[in-house]
Amino acid sequence: MADASTARRPLDAAIRYRDGLILALLLATALRRRSLLSLTIGRRFRRTGDTYHIAIAGEDTKSGLPIEQTLDARLTPFIERYLREFRPRFPGNIAIYHLFPSSHGGALGDAALSGLV
């Protein structure tokens, strides 16, 4: 995961950690950008036992096929740390359920994700 410890501001550390987690999830799942950005905590992205599970309905995917995937348990500690320590630093994080908020409030947008990837 990205080294968030060298950041000067708490939000900068949160952005670095979020971006590292995004890259890890893209590698682990091969999700399209739109599907990744649509992940919402408790609905499309939820914990099941010791792992996290992604569930996206077919009508919400480009192929029309549903996506059901359980993430490797090795990602769980990183996801837990992100949810506990870094995601709360984003402005307006309580008001949105998207897994990846932007640094300006609201959900992370496609342009920001494209710049990252």
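In which sense do S2 and strand S3 pair, and over how many bridges? S2 and S3 (residues 67–70) are antiparallel, and four bridges join them. The notes below start from this pairing, in what is a predicted model.

1. **S2 and S1.** Strand S1 (residues 45–48) also runs antiparallel to S2, and four bridges join them. Thr48 has Thr51 in S2 as its bridge partner. S1 and S2 form a hairpin with two residues between the strands. Gly49 takes a positive phi there, near 70°.

2. **Burial of S2.** Strand S2 covers residues 51–56, and six of the six are buried. The strand is therefore largely enclosed by the rest of the structure. Both of its faces are covered. Thr51, His53 and Ala55 are buried on one side. Tyr52, Ile54 and Ile56 are buried on the other.

3. **Thr29 in the helix.** Thr29 belongs to helix H1, which spans residues 10–29. A polar atom of the Thr29 side chain lies 2.6 Å from the backbone oxygen of Leu25.

4. Is Thr29 buried or exposed? Its relative accessible area is 11%, so Thr29 counts as buried, the cut-off being under 20%. Neighbours within four places in sequence aside, Thr29 is in contact with Ile54, Gln69 and Leu71. Of these, Ile54 is itself one of the buried residues of S2.

Methods:
Residues numbered from 1 in each chain as written. Predicted model: local features only at pLDDT ≥ 70, side-chain atom pairs only at ≥ 80, totals over all residues. Heavy atoms only, no water. Buried < 20%, exposed > 50% of the residue type's maximum accessible area, 1.4 Å probe, protein only. Polar contact = N/O pair within 3.5 Å; in protein donor to acceptor, adjacent residues only side chain to side chain. Contact = heavy atoms within 4.5 Å. Pairing = 2+ DSSP bridges.
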